[in-house]
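Thanks for coming, everyone. I have one structure to walk through today. Please take a look at it before I start.

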Amino acid sequence: MLQTIKDWFWLEELWLPPTIKWSDLEDHDGLVFVKPSHLYITVPCAFLLLIIRYFFERFIATPLAKTLGINKKIPKKIQQNPVLENFFIRSNRHPSQNDLYGLAKKSNQTVQQVEIWFKRRRDQEKPCRLKKFQEACWRFTFYLFLTIAGIGFLYDKPWLYDLWEVWNGYPKQPLLPSQYWYYILEMSFYWSLLFSIGSDVKRKDFLAHVIHHLAALSLMSFSWCTNYIRSGTLVMLVHDVADIWLESAKMFSYAGWKQTCNILFFIFAAVFFITRLVIFPFWILYCTVILPLHYLKPFFSYIFLNVQLLILQVLHLYWGYYVLKILRKYVLKQELEDVRSDDEEDSAEEDEPECLKNGRGAGRNPIPNGQPGH
């Protein structure tokens, strides 16, 4: 039964153009072609990245944070109160005025004392700026590394300058070492983000992050198995560029460097609009939707890939709306605010710029930094 499912899943009619067989993509004459088994290494590489991240945050991000004046904030201790603690956990972290009166009476305290208790209890749940800075610093560093690597891998490739070359000879296009390592790095990074999401700063869009990371991994895996490597590398590069600026804006926001944060956010917005709303629809989608029709007839994986890329473009428009909303707030109020606050209500730390999903958020998202970052 498992063999039947496997045979059905890998039907040549689903993955490959008409007349092309899996046997046509066997290694020969020193040429190597993509294989699904190549991607197995991304999981152990993801755990290696988590180890590297631990030491990076401890020995690089933390000293840098202290240099910028960011120290670990120790929340004020609160007196243990079973009545208030039970209400906090099971009912509401923000009791209404009527609840406050009732809780004050039950705990034999004043309303003001109960209000202070709940505020300090909420403070204990909030991630400190140091932790948020560490995470943003790691993502900034790796996005920068991926962007530099992508440019290094692609600068001498003809399909970077001539989109017709993306489909020349498809699908019998051999795998290059640079393409292999670019995909491995991207996918390993997204696996590491997925594995660490439970211990990272909790945000209200936790589920959205999980879905985004899984979608990005799915699309990258699909593009690999169907040998859409050339177009896939272009999509990843386009999405990586903007996330550098978003994460750097967050870092300076946590450090309290408002003017620097604002400048970096404006750069992020400009890069986001150029890459996601100009280059992606008018170059990348043109390359994946229109150009292949000159070489082959539409088939399932061609349709499946482009439907998902078109959905990604809709998400770009959605994220672009929020970026414009932030810019509008800046023009009107002369300050940047996060329109979708983390789970950090009434906190003085809510001066973070627009935290669009990471990744490649808003993701940033290779395919989809999803998030202009996933």
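At what angle do helix 3 and helix 7 pack, and how far apart are their axes? The angle is about 115°, and the axes are 9 Å apart. Helix 3 covers residues 42-67, and helix 7 covers residues 129-154. The crossing of these two helices is right-handed.

Who makes that contact? From helix 3 come Leu-49, Ile-52, Arg-53, Phe-56, Glu-57, Ala-61, Thr-62, Leu-64 and Ala-65. From helix 7 come Leu-130, Phe-133, Gln-134, Glu-135, Cys-137, Trp-138, Thr-141 and Phe-142. By type, that gives 11 nonpolar, three polar and three charged residues.

Now a step back. Keep in mind that this is a predicted model. The protein chain has 12 helices and zero strands. It has 374 residues, and 51% of them count as buried. Its accessible surface comes to about 18,400 Å². Carbon and sulfur atoms account for 65% of that surface.

Back to helix 7, and to Phe-153, which lies in that helix. Is Phe-153 buried, partly exposed or exposed? Its relative accessible area is 22%, so Phe-153 counts as partly exposed. The cut-off for buried is under 20%. Setting aside neighbours within four places in sequence, Phe-153 is in contact with Ser-178, Trp-181 and Tyr-182. Pro-177 is 24 residues away from Phe-153 in sequence. In space, the two are 9.1 Å apart, C-alpha to C-alpha.

Between helix 7 and helix 8 there is a loop, and Pro-171 sits in it. Helix 8 itself runs over 177-196. Look at the bond joining Tyr-170 and Pro-171. That peptide bond is cis, with omega about 0°.

On to helix 9, residues 206-225. How far does helix 9 reach from its first C-alpha to its last? Its 20 residues reach 29 Å, close to the 28 Å expected at 1.5 Å a residue. Its buried residues include His-209, His-212 and His-213. Also buried in helix 9 are, among others, Leu-217, Met-220, Phe-222 and Trp-224.

After helix 9 comes Asn-227, with a positive phi near 65°. Asn-227 is in the loop between helix 9 and helix 10, the latter being 229-254. Is Asn-227 buried or exposed? Asn-227 has a relative accessible area of 3%, so it is buried.

Asp-29 has 74% relative accessibility, so it counts as exposed.

Last stop: helix 12, residues 300-333, where we find Ser-301. At 0% relative accessibility, Ser-301 is buried. Which residues does Ser-301 contact, leaving aside its neighbours within four places in sequence? They are Leu-14, Trp-15, Phe-222, Thr-226 and Tyr-228. We have met one of those already: Phe-222 is among the buried residues of helix 9.

That is the tour. Happy to go back to any part of it.

Terms used
Residues numbered from 1 in each chain as written. Predicted model: local features only at pLDDT ≥ 70, side-chain atom pairs only at ≥ 80, totals over all residues. Heavy atoms only, no water. Helix = DSSP H or I, 4+ residues; strand = E, 2+ residues; numbered from the N terminus. Buried < 20%, exposed > 50% of the residue type's maximum accessible area, 1.4 Å probe, protein only. Areas by Shrake-Rupley, 256 points an atom, 1.4 Å probe, with all protein chains shown as cover. Contact = heavy atoms within 4.5 Å. Axes fitted to C-alpha atoms, helices over the stretch in contact; angles between N-to-C directions. Left-handed = near helix turned anticlockwise from the far one by under 90°. Nonpolar A, V, L, I, M, F, W, Y, C, P; charged D, E, K, R; others polar. Expected span 1.5 Å × (residues − 1).
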